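Here are my notes for a colleague who is reading this entry for the first time. Please keep the sequence and the structure open beside the text while working through the points.

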Amino acid sequence: RNQDSLRQVARDLSLHLSQYPEVSELQVCATLNQAQRELAYKAAVVISDRGQLLATLTAIAQDHQPPVPVYFHNCNPKRSTPLYLLLDGTSLFTAADVTLLRHRFAAFETAYQQCEQAFAQVISPTKSQDFPQLDGEIGSFAQQYAFGNLLMSLAVMPTSIHAAGVGVLVGACLGGMFDVEQAMTLLVRLAAKQTVQSITAVVNTNTATASWNGALITDQGTFQYPSQFDAQQLATLIQSSPSLQLQQVRSKHTQVGVYGYLGDSTTLTAQIDSIEEPNLWLELTSQLPIVERVLTLLARLSVFGVWFDSKGLFPAAMQSIPLPTYPFERKTYKPPVLDSSWIATPAELAIAVKFPADSEQTLAAATDVPLPALAQLPSLSNQSRESSYLALTNELRKLKF
């Protein structure tokens with residue numbers, strides 16, 4: 001809710017991780033991303049290991065300088081902040097970046113592979129020497145198309161895409177208004193200065209493309225599914241609008257939102273860096289490693305209130321774990337019962353959760369622990385049972401039955 005609550009949460013999490021070293025930082029991050037409430041005051045950080053996480057939580061709790069960048073912001077938890085993407089078709093990643101993204105994010109790999117397969121179908125073996133790989137405008141299309149799919153696989157759905165150059169083609173394919181194979185055909189013919197009139201558009205129904213139904217905004221107008229493009233129309237748009245104009249982009253929206261530029265134009269980047277206004281302008285160009293750059297972008301989107309589903313960032317089998325609750329919720333925190341030093345039976349776990357004051361006989365029978373040993377356990381009334389849960393489970397640990 002506010003900075004004080006945030007510091008308390010950081011303090012509780014730091015203490016919890018120190019007390020339970022068997023809890024993995026990956027589980028903690030997954031739970032914080034997937035199982036926590038949306039609140040007005042947020043903080044987000046990208047960490048690489050447990051030590052970095054503990055140091056960052058401690059710094060937040062003590063209001064000190066953290067070892068890595070932490071992003072803070074207020075937002076409305078009841079609605080998602082609008083996201084406006086800017087695509088100009090400029091190359092976004094190096095070949096090494098693409099390899100790492102394909103390895104780390106399944107959605108990026110699926111969409112990029114779709115582009116490769118479409119490219120292979122368009123280029124005959126006799127002409128493969130002229131187009132040895134996804135490069136130039138064709139490579140830029142594949143990168144931005146794959147990255148758009150990555151965002152949308154995480155349910156990051158832009159309100160609109162502002163596009164110029166090859167970015168128009170990317171937006172058309174992301175929005176299901178043009179097919180990827182036909183897009184590759186169009187780009188190859190434009191590169192070879194061939195006619196494009198004979199290219200027939202096909203509605204993009206490939207499952208690699210997430211369902212995006214926002215507005216595609218170009219110099220020549222605004223388009224939205226179920227509208228369809230023809231190849232000549234797209235060729236004209238690509239050639240007639242080679243660059244984005246920030247003034248024109250900003251004039252299209254009255255609602256404050258987040259603008260994300262997915263390109264590498266130094267001119268446009270310089271303009272974005274000089275802007276001072278309520279909107280947030282984000283870029284992917286930085287000196288960070290590529291995966292960290294992507295995660296940082298998502299972290300910043302999150303604190304500014306752009307909703308996304310983080311499940312795609314973690315292993316599919318990853319489950320939420322008990323973590324300290326927010327200090328103002330008046331809920332009892334129930335930490336894990338077990339540590340790595342012992343294993344309890346189902347009967348023991350059931351009794352550990354619901355151990356009333358008069359059940360020593362039952363507990364002794366279920367666990368073969370002698371009654372004198374159980375005398376050290378706290379006597380719990382119905383009212384205090386839940387609030388004394390931590391004390392009880394700590395005593396059960398000591399017995400190591």
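1. Why is α6 described as largely enclosed by the rest of the structure? The reason is that 15 of the 18 residues of α6 are buried, where buried means under 20% relative accessible area, exposed means over 50%, and partly exposed lies in between, computed with a 1.4 Å probe on protein chains only. Helices here are DSSP runs of H or I with at least four residues, strands are runs of E with at least two, and both are numbered from the N terminus.

2. Before going further, please note that this is a predicted model, in which local features need pLDDT of at least 70 and side-chain atom pairs count only at pLDDT 80 or more, while totals for chains, interfaces and linings use all residues. Residues are numbered from 1 along each chain as its sequence is written, and side-chain values use heavy atoms, with hydrogens and water left out.

3. As an overview, the protein chain has 16 helices and eight strands, and buried residues make up 47% of its 401 residues. If we take the contacts (heavy atoms within 4.5 Å) with a separation of 6 or more, residues 24 or more positions apart account for 73% of them.

4. Returning to α6, this helix has 18 residues and reaches 26 Å from its first C-alpha to its last, which is close to the expected 26 Å; the expected span is 1.5 Å times one less than the number of residues.

5. How do α5 and α6 meet? The axes of α5 (residues 106-122) and α6 (residues 136-153) come within 7 Å and cross at roughly 145 degrees, where axes are lines fitted to C-alpha atoms, for helices over the stretch in contact, and angles run from 0 to 180 degrees between N-to-C directions. The residues of this contact include Phe-108, Tyr-112 and Phe-119 from α5, and Phe-141, Tyr-145 and Leu-150 from α6. By class the contact has 13 nonpolar, four polar and no charged residues, with Ala, Val, Leu, Ile, Met, Phe, Trp, Tyr, Cys and Pro counted as nonpolar, Asp, Glu, Lys and Arg as charged, and the others, Gly among them, as polar.

6. On the α4 side the contact is made by Asp-97, Leu-100, Leu-101 and Arg-104, which meet Ile-290, Val-291, Arg-293 and Val-294 of α12. This contact divides into five nonpolar, no polar and three charged residues.

7. The sheet deserves a slow look: it is open, has six strands in the order β6-β5-β4-β3-β7-β8, and shows mixed pairing, two strands being paired if DSSP finds at least two bridges between them. Its edge strands, each pairing on one side only, are β6 (221-223) and β8 (280-283), and the twist averages 20 degrees from one strand to the next. Helix α12 packs on this sheet, touching β3 (83-87), β7 and β8, and its direction makes about 165 degrees with that of β8.

8. Within the sheet, five of the five residues of β3 are buried; Leu-83, Leu-85 and Leu-87 point one way, whereas Tyr-84 and Leu-86 point the other way. Strand β3 pairs in the parallel sense with β7 over four bridges, and Tyr-84 has Tyr-259 of β7 as its bridge partner. Four bridges also join β3 to β4, again in parallel, and here Leu-85 has Ile-161 as its partner.

9. Finally, a cis peptide bond with omega of about 15 degrees joins Tyr-225 and Pro-226, and Pro-226 is found in the loop between β6 and α9 (231-240).
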